[in-house]
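Colleague: Please take a close look at a single part of this model and walk me through it. Give each cut-off as you go.

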Amino acid sequence: QTHIADEGKVKPLSHPRCYSAFLSFAGVSCNSVEKKIYVHLNYTVSCVRLLNATHQIGCQSSLSGNVGVLHVLESEENLDWVLHSGPNPPYMVILESPLFTRSVMMKLKNGSGRVAGVAVVAPNTNPAEGFSPHTTCPNENTGVYSETYEPTMANCNMTVWNPLGNGLSYEEFDFPIFSLKDDNDTQVIRQCYLDHNRAGNGSTPQYPLCAMQLYSHMSAVTDTATCMRRNAINFSLNPEMVCDPLGDQNVWASTRPLNNTAKGHKMWESVVIAAARLDSRSFFFDIAPGAQSGVSGFVTLLAAAHALRNATQEAQPNRTILYTFFQGETFDYIGSSRMVYDMENKQFVVDLDNVHSVLEIGQVGLRADSKLWLHTDPVSRRNESLNVTVDVPGFSQPLPPSSFQRFLRARPIPGVVLEDHQSAYTNKFYESMYDNAENLNVSYPPNLTPEEQLEYITDTARAVTEVATMVARALYRQAGGEESQLSSIKADPQIVTKMLYSFLVRSNNSWFQQLVPSDFTSYLGKPPNFYVGVVQQSSEPTLLVQYLLANLTGSTINITQDNCKNQREDESDKMYNYMWVQGAAPPNSTEREGYCVRSTARLSKALSPAFDLEQYTSKNFSTWTESRWKFIKGRIFLVASHELEMLTLGVGVGVLLSSLLVTYIISSKADILFSSGREPTNATY
Amino acid sequence: MTASVFFGCTFIAFGPAIALFLFTIAREPLRVIFLIAGAFFWLVSLLLSSLVWFISVQISNKESAVQQKGLLIFGVVLSVLLQETFRFAYYKLLKKANEGLLALSQEETMPISIRQLAYVSGLGFGFMSGAFSVVNILADSVGPGTVGIHGDSQHYFLSSAFMTMAIILLHMFWGVVFFDACEKQRWWAVAAVIISHLVVSCLTFQNPEYVTSLVPTYVILFLMGIWAFYTAGGSFRNLKLCLTCKDKDFLLANHRPR
């Protein structure tokens with residue numbers, strides 16, 4: 001997506017009063033009339049348009065931005081003012097978060113031109129009753145349950161996984177919807193409404209009224225096939241792209257080095273896949289804290305991988321464990337469908353015949369009664385080859401939405417999915433902007449510095465560590481390791497709490513600074529965001545997970561920086577991946593001492609096969625694309641009444657016509673008018 | 001505010017100037033040339049005065065509001081004085097050019113009289129001055145918003161347009177009076193022009209009390225208009241004759257062979 005950096009990011013509050021000497025003089029110190037008129041919104045987060053094979057979802061504004069008179073909605077009954085009785089449509093509705101519900105939004109959607117846009121004020125704490133804009137049945141058409149495979153379990157007929165889901169993320173709106181933080185800037189907006197737009201005692205509000213303009217024009221329309229066709233039109237030297245496929249890269253590593261250049265089936269190789277999901281989403285663009293839905297799972301897997309490092313290096317189990325972190329699972333399993341496709345087409349280090357079993361870690365952060373549940377597929381379950389001390393949901397229940405379903409679509413591989421819910425999700429904020437540290441009960445005592453918070457072990461961290469220990473031991477046993485080694489496999493709560501802090505609170509801390517190469521440090525410090533994004537832009541969490549995985553499962557090699565970089569070109573490239581990371585600065589110096597990390601952590605492309613095969617209406621693979629836009633911005637200002645504008649135009653036209661008339665008359669009679677005082681000798685008229 | 005406000009304010013500000021240009025100047029190439037040259041002279045005076053102002057602002061203390069206001073007043077006064085200086089310089093240039101033109105041309109009489117030059121140069125000054133006053137404001141009037149969210153008056157665009165119209169017409173009248181006073185060596189008239197220019201410019205410091213700045217400006221405009229009318233050769237008798245349509249008889253009666 002081409003976003004030009006927002007123009008006009010001016011401080012909206014308290015600009016000094018200017019003296020406007022506006023004639024016979026240029027270059028006044030307060031140099032813009034624009035500053036007198038507009039107050040620009042600093043924080044502009046909007047919902048964007050996404051397209052798939054059949055639909056377009058999200059929001060759209062007009063090309064020149066949507067302008068509407070501000071209205072702060074007090075209750076659902078107050079909607080009547082916006083939709084029917086208000087005298088100055090179209091309205092720009094400001095919603096507090098309790099009113100951001102499906103019924104209000106559906107009524108606004110059917111507002112037929114009286115609604116110019118919506119701005120939602122995001123609260124500072126999570127709402128108590130839960131909110132999930134995702135559908136009730138995530139990824140229902142691309143899982144394993146379909147018409148051909150156990151239709152009674154398809155489309156959530158047996159278990160509704162996300163009962164709180166209101167499906168708002170998958171609706172289409174023809175007006176822009178922005179998100180505002182509850183801070184001083186929003187207070188300016190509310191104050192403007194109270195000053196100018198408030199109707200007192202049943203009378204209509206007087207002009208000038210406070211209004212807002214929101215720009216979020218999306219270039220793509222209809223569906224993915226249409227926008228990909230328009231991408232391919234080569235009219236000019238700079239062809240305009242209208243949409244981009246969603247995608248990123250999967251991260252994977254193995255306990256035994258695998259020859260990466262020899263793709264396809266590997267003889268005598270039996271692999272246990274340990275999978276987790278990296279990504280999440282919310283209703284708004286680029287906001288996806290994904291604490292319970294993503295972070296809890298992959299942090300557990302990273303901790304388990306770290307716990308297994310020593311055991312798998314000293315006493316190698318029979319089978320190799322392949323740790324995989326899939327990106328794009330929210331959007332119809334982009335990452336896992338790509339990996340299965342690559343395995344089927346001999347494009348990956350191993351293929352499906354090499355896969356022995358799958359253990360997937362789902363949402364494990366919120367354990368009610370400290371219970372964990374193992375979900376299996378009742379159709380393909382044969383002998384239970386996994387032996388762990390957790391509960392199994394008693395009745396015959398389908399698998400929850402998970403990457404394992406894509407493996408089952410290809411081949412009946414035994415596997416389990418570890419979750420903290422028995423049937424429906426315990427996550428009240430699935431795929432929403434509230435799925436953050438507060439949702440996972442990650443809280444720190446007050447008065448701790450950021451570095452102290454990094455090291456502090458929270459209760460959530462302890463719980464996740466227990467899960468990680470259990471997962472590690474299960475994986476080791478599943479891989480055929482010896483029983484005697486099991487008791488020495490323990491996850492480290494220090495590492496777990498540092499990971500949870502970095503991925504949920506702040507990534508710019510001393511620990512991450514040590515683990516990453518020096519050219520990556522500028523990307524640290526952004527708020528945690530696990531949205532998969534378009535395939536051209538690699539998201540930061542993917543790379544962070546790769547560096548972490550390398551550090552936690554690899555080893556330090558004592559060679560120079562140049563040798564470390566050169567090793568990549570050597571034959572050792574096939575087995576290992578070499579990375580030069582920053583390291584820490586010793587106590588009495590400011591220069592960081594970098595070191596070389598040798599590991600098997602690698603990236604593999606996570607782009608839906610539908611785009612490589614150009615099957616843009618595919619039902620088997622994800623076809624999600626994201627529209628491009630030029631800019632997303634908003635501003636507030638006062639509007640004058642239509643009558644005053646027409647009056648101005650009328651006065652102007654009147655002045656022009658009367659001056660034309662008077663000038664014509666005077667110039668035609670100029671001889672007479674200016675005749676006295678004529679100098680007879682050298683004057684001409 | 002919108003396109004209607006943009007066009008309304010453009011017509012208000014430049015309506016009389018466009019009408020004058022269309023009917024009196026556009027057909028005569030010589031007048032067009034002197035109009036543009038006059039505009040250029042005004043531009044150079046503005047350049048000089050803004051250079052001085054810019055340097056003085058950089059030197060000054062940017063925090064002190066009193067100093068900035070004082071600098072602004074100094075800037076306005078300096079700009080007015082520079083404009084009048086350049087008007088005088090243009091007058092001198094035109095006198096020399098006229099002699100040269102007379103030497104070059106075959107005819108015995110000058111192609112353009114000094115009175116016409118006064119009118120044309122004044123209008124040129126007015127055009128450029130009006131453009132610099134109001135184009136910036138017109139560009140922002142196209143958007144959907146109007147002035148006022150920080151508490152300023154709503155009538156900013158309208159009053160700017162009316163002020164610009166007054167300034168353009170005033171420059172034209174000042175040109176006529178100034179050149180005539182220089183011709184006849186009446187220095188008190190020159191001083192009166194400069195003083196009235198200063199008064200009008202300083203009246204804008206009354207903004208945003210638009211009434212207190214616009215009404216006196218229009219009064220001065222009316223008075224200057226009458227003065228320029230008399231200077232240009234008009235008289236109350238001619239006006240009465242024109243208005244009561246007795247002009248035909250007057251022409252015939254006053255017809256004299258050259």
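Modeller: The secondary structure of chain B comes to nine helices and zero strands. Helices here are DSSP runs of H or I with at least four residues, strands are E runs of at least two, and both are numbered from the N terminus. In sequence order the pattern reads α-α-α-α-α-α-α-α-α. The C-alpha trace of chain B spans about 70 × 40 × 30 Å along its principal axes.

Some ground rules. This is a predicted model, so local features need pLDDT of at least 70 and side-chain atom pairs count only at pLDDT 80 or more, while totals for chains, interfaces and linings use all residues. Residues are numbered from 1 along each chain as its sequence is written, chains are lettered from A and ligands numbered from 1 in the order in which they are written, and side-chain values use heavy atoms, leaving out hydrogens and water.

Now the record. An unreviewed UniProt entry lists residues 6-25, 32-59, 71-90, 117-139, 159-179, 186-206 and 212-230 of chain B as "transmembrane region". UniProt positions are given in the numbering used here, feature names are shortened, and annotations may be inferred rather than shown by experiment. Take two of these spans. Residues 117-139 of chain B are 100% helix and 0% strand, with end C-alpha atoms 32 Å apart. Residues 186-206 of chain B are 81% helix and 0% strand, and their end C-alpha atoms also lie 32 Å apart.

Next, the interface with chain A. Here 66 residues of chain B are in contact with 56 residues of chain A, contact meaning heavy atoms within 4.5 Å. The size of an interface is often given as the accessible area lost when the parts come together. Between chain B and chain A about 5,700 Å² is buried, and carbon and sulfur atoms give 69% of that. Buried area is the accessible area (1.4 Å probe) that two parts lose on being put together, summed over both. On the chain B side, Pro144(B), Ile149(B) and His150(B) lose the most area to chain A, together 12% of what that side buries.

What about charge? Side chains of opposite charge can pair when their charged atoms come close. Between chain B and chain A the count is one salt bridge, defined as a side-chain nitrogen of Lys or Arg within 4 Å of a carboxyl oxygen of Asp or Glu. Asp152(B) and Lys36(A) form a salt bridge through their side chains, at 4.0 Å from N to O.

The top contributor is α1(B), with 14 residues. By class, the side of chain B that touches chain A has 35 nonpolar, 26 polar and five charged residues. Ala, Val, Leu, Ile, Met, Phe, Trp, Tyr, Cys and Pro count as nonpolar, Asp, Glu, Lys and Arg as charged, and the others, Gly among them, as polar.

A few words on the partner. UniProt, again in an unreviewed entry, lists residues 646-666 of chain A as "transmembrane region". That span of chain A is 100% helix and 0% strand, with its end C-alpha atoms 30 Å apart.

Over all chains the salt-bridge count comes to 20. Among them is the pair Glu171(A) and Arg102(A), at 2.9 Å from N to O. Glu171(A) sits in the loop between β7 and β8 of chain A and Arg102(A) in helix α3 (residues 102-109) of chain A, so this pair ties together parts 69 residues apart in sequence.

Last, backbone details in chain A. The peptide bond from Pro89(A) to Pro90(A) is cis, with omega near -5°. Pro90(A) is in the loop between α2 (79-85) and β6 (91-96) of chain A. Another cis peptide bond joins Tyr207(A) and Pro208(A), with omega about -5°. Pro208(A) lies in the loop between α4 (184-197) and β9 (209-215) of chain A.
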